[in-house]
Amino acid sequence: MSKLFRFKQFEINQDRCAMKIGTDGVLLGAWADIKNAESILDIGAGTGLIALMLAQRSNAEVIDAIEIDSNAYEQCVENFENSLWGDRLYCYHAGLDEFIEEIEDLYDVIVCNPPFYTESFTSGDLQRDQARQNEFLPFNELLEAVSVLISENGIFSTIIPFKEKDDFIRIAATFDLFPSRCLRVKGNPAAEVKRVLLEFTALEKAYKVLDLTIEKERHVYTIDYINLTKDFYLKM
């Protein structure tokens with residue numbers, strides 16, 4: 001994989017990040033509702049991809065990110081500084097627990113592409129395992145932090161494995177966060193739903209569940225996927 005990933009309006013270096021750019025991050029960055037957002041927080045920024053996408057999509061004056069891994073943090077800062085929106089982007093080198101203690105501001109929009117292996121899994125690469133394993137950022141800790149950091153009418157968006165959906169929604173409700181949108185994602189028409197994008201607010205209400213298929217066949221993308229990602233991918 002090339003160390004440099006080019007999008008239409010920005011480039012990302014990723015050679016020092018355990019988790020490279022993937023479809024999950026692009027989906028979340030393109031799908032998250034950011035209308036009227038003046039402040040945005042990306043939890044676990046990695047390369048900075050999602051924060052950069054939200055900077056491209058919005059006029060938010062404050063776009064903060066936090067990243068605990070030192071190599072990923074340094075690369076994220078570099079990617080921010082090399083972008084058109086460097087004056088609006090800031091990355092903190094901190095864990096979520098430290099960040100909550102230090103930050104008094106609330107955010108209109110919070111996004112997170114969280115570690116998603118809940119089962120114990122070790123590749124032998126601690127940096128990669130930290131980026132991927134839920135035990136390093138359990139859902140309950142993530143959701144508790146979101147409930148503390150989000151503004152009164154704020155929106156929290158995330159992407160998780162579909163099999164974790166019901167449990168995640170149940171935990172969120174204990175922190176007074178309720179689903180407002182849901183997008184189930186599968187790779188092709190014959191595939192099972194593997195991922196789900198979820199949006200939460202403080203308002204408990206009925207919500208729509210929609211579906212997205214990425215490819216009609218290998219390298220032939222659906223209109224829905226093209227429309228969602230065309231502002232970013234060069235190939236669209």
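Student: Which residues are linked with R16 in a network of salt bridges?
Tutor: E74 and E78 are linked with R16 in that network. A salt bridge here is a side-chain nitrogen of Lys or Arg within 4 Å of a carboxyl oxygen of Asp or Glu. Side chains of opposite charge can pair when their charged atoms come close.

Student: Before we go on, what sort of model is this?
Tutor: It is a predicted model, in which local features need pLDDT of at least 70, side-chain atom pairs count only at pLDDT 80 or more, and totals for chains, interfaces and linings use all residues. Residues are numbered from 1 along each chain as its sequence is written, and side-chain values use heavy atoms, with hydrogens and water left out.

Student: How many salt bridges does the structure hold?
Tutor: There are 10. One of them joins D24 to R195, with the closest N and O atoms 2.7 Å apart.

Student: Where do D24 and R195 lie?
Tutor: D24 is in helix 1 (residues 23-31) and R195 is in strand 9 (residues 195-201), so the pair ties together parts that are 171 residues apart in sequence. Helices (H or I, at least four residues) and strands (E, at least two) are DSSP runs, numbered from the N terminus.

Student: Is that pair buried or exposed?
Tutor: Both D24 and R195 are buried. Buried means under 20% relative accessible area, exposed means over 50%, and partly exposed is in between (1.4 Å probe, protein chains only).

Student: What about E11 and R6, buried or partly exposed?
Tutor: E11 is partly exposed, at 38% relative accessible area, and R6 is partly exposed too, at 47%. Their salt bridge has its closest N and O atoms 2.9 Å apart.

Student: Which residue does R170 form a salt bridge with?
Tutor: D167, with the closest N and O atoms 2.5 Å apart. R170 and D167 both sit in helix 7 (residues 165-174), three residues apart, about one turn of the helix. An α-helix has 3.6 residues a turn, so residues three or four places apart point the same way.

Student: K165 is in helix 7 as well. What does K165 touch?
Tutor: Leaving out residues up to four places away in sequence, K165 touches I160, C182, V196 and Y207 (contact means heavy atoms within 4.5 Å). K165 counts as buried, at 14% relative accessibility.

Student: New topic: why is helix 2 described as largely enclosed?
Tutor: Eight of the nine residues of helix 2 (residues 49-57) are buried, so the rest of the structure largely encloses that helix. Among the buried ones are L49, M53 and Q56.
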